[in-house]
Amino acid sequence: TGAGNPKKYWKKERWQALIDSITSGLGYKVLAYDPVYGDLNGCIKIDSLISFNVFAAALKRARLFIGLDSLPAHLAASFGIPAVVVWCGINDPVKWRPVGTRVAIVKKDLPCSPCSLKNGCANMGCMDIGAGECFEQVKGLLRF
């Protein structure tokens, strides 16, 4: 749920809706590294104080990664793990997207995006991405 810039955070209720869709709709277990909210339900939680090596080892065993425009997305793609990335409009996905054959970028197309502003704008409309949009990408990468 985290990223180096808090402006890139996705709303808690959207994370929760996506977790619920994956667990109830697809029957998968969700392992969540949640340093931002800390109280997502219906998932197995990874302690936010784990080492990078332990995090990377857990990620290597994942069937799919879902996360923000951040280091873990790049790590997942480098491991060849299918990845759904909720993309903030601050950065240009053409330049900064994770490199991999099965990476789905979910973003809001706005005329101001990418803005390249370090702290984004006041309303961050680029992060108004629905859980359903991500769920469709999840199903596509898992071949549902």
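**Loop and strands**

Mentor: Met124 is buried, with a relative accessible area of 9%; buried means under 20% relative accessible area, exposed over 50%, and partly exposed in between (1.4 Å probe, protein chains only). Keep in mind that this is a predicted model, where local features need pLDDT of at least 70, side-chain atom pairs count only at pLDDT 80 or more, and totals for chains, interfaces and linings use all residues. Residues are numbered from 1 along each chain as its sequence is written, and side-chain values use heavy atoms, leaving out hydrogens and water.

Trainee: Where is Met124 found?
Mentor: Helices (H or I, at least four residues) and strands (E, at least two) are DSSP runs, numbered from the N terminus. Phi of Met124 is near 45 degrees, a positive value in a residue other than glycine. Its place is the loop between S5 and H5.

Trainee: And Ser116, is that buried or exposed?
Mentor: Ser116 also sits in the loop between S5 and H5. Its relative accessible area is 61%, so Ser116 is exposed.

Trainee: How many residues of strand S4 are buried?
Mentor: Ala83, Val85 and Trp87 point one way from S4, Val84 and Val86 the other way, and all are buried. So S4 is largely enclosed by the rest of the structure, and the count is five of the five.

Trainee: In S5, which residue is the bridge partner of Val85?
Mentor: Two strands pair if DSSP finds at least two bridges between them. S4 and S5 pair in the parallel sense over five bridges. For Val85, the partner in S5 is Ile105.
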